[in-house]
Amino acid sequence: MTLSDESYIKLAIEIARKGMGQVSPNPLVGCVIVKDDKIISAGYHKKFGRKHAEVVAIENAKESVEGSTIYLNLEPCSHWGKTPPCVEKIIQSKIKRVVIGTNDMNPLVSGKGVKKLKSAGIDVKVGILENECVELNKFFFKYITKKIPYVTLKAAITLDGKIADASGEAKWISSLESRRYVHNLRASYDAVLVGKNTVKKDNPKLNVRLVEGRDPIKVVLDSTLSLKENNKIFTNTEKKTVFIITSNASAKKKNKIKRLEARGSKVIFVKKRPNGKIDLKSALKQLAANQIASLLVEGGSEIYSSFIKEKLYDEISLFIAPKFLGNGLSVIKNIGVKNIKDAQKLRVKNVEKIGSDVLLSLVR
């Protein structure tokens, strides 16, 4: 691996990030084309259903790309989807060398794109900054291989682990800077999920306001379909931006379901567990079936506890405010752990200061 290969893959990763929040359930892909030691073109996948990064970069080139090297953070596709296979475009353009960050984990592509390029006599190198390239597309890889979304639990807590005071008041535990950070997170995830109790207590909008970015789909777990239709999350739902997941298929709720759907909400029925609660694994499968590849879970404590107990999360973003409450609502309840040796162990991915708070990022 030469320094230049690594540098150009880094650039491809940065370019790919421009598609964040726009390309799902497709992966983030950036492309850089180099000829005679200079960049002659670049491109990225801008929006789901539109041209892929390789095609954009090749078509944007102001000079012939014949004999050039193309750098990609992800293996080019070799099958027909919403667009033609990118491998064919690369071969037709007589590109001499292809450097790839990581193979695609999509069974339709994995290794096949590389094989086709090599069969055409193109020099191919794979595995440059592979860890960084896999991290970039962690949402897509989980979605395409497991058929459920990548799940991140987000919570703001005090030093003694409280998410609200004894009366249930939670505004504002974290700093303004942390709240801006959360709005950035929302813009990068396909959907944000809360339980019905959070909606009843806080009446949140769950949109993106403090930064620029697109609003995620709002998902509410409401096993009994008890939420009132005047809650803020049900406003501006013309584009089906609210999914209500329930296990209540009672005929008594038929008219309410019709009213909700008329306003743009989508009611999704899943099976319930013996305790009467929604089966979370079934809910995640239904969300994936609706092309949701990433899910930000924002509460409350029952929801956090259920996801943690069932090990249905991939990552935790924990905003820790330098405050003590004493009495209050704990971030999680009983998760079935009786002694320290059975505690769920996580890995600290990153620690950073956000405003007056500390953001602790952990992965399972």
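There are 22 salt bridges in this structure, a salt bridge being a side-chain nitrogen of Lys or Arg within 4 Å of a carboxyl oxygen of Asp or Glu. This is a predicted model, where local features need pLDDT of at least 70 and side-chain atom pairs count only at pLDDT 80 or more, while totals for chains, interfaces and linings use all residues. Residues are numbered from 1 along each chain as its sequence is written, and side-chain values use heavy atoms, leaving out hydrogens and water.

Here are some of the pairs:

| Pair | N to O distance |
|---|---|
| Glu-63 and Lys-38 | 3.8 Å |
| Glu-59 and Lys-51 | 2.7 Å |
| Lys-341 and Asp-342 | 3.8 Å |

How exposed are these side chains? Lys-341 is exposed at 63% relative accessible area, while Asp-342 is partly exposed at 41% (buried is under 20%, exposed over 50%, partly exposed in between, with a 1.4 Å probe and protein chains only). Glu-63 is partly exposed too, at 36%, and so is Lys-38, at 46%.

Now for Lys-35, which sits in strand E1 (residues 30–35); strands are DSSP runs of at least two residues, numbered from the N terminus.

Definitions and conventions. Helix = DSSP H or I, 4+ residues; strand = E, 2+ residues; numbered from the N terminus.
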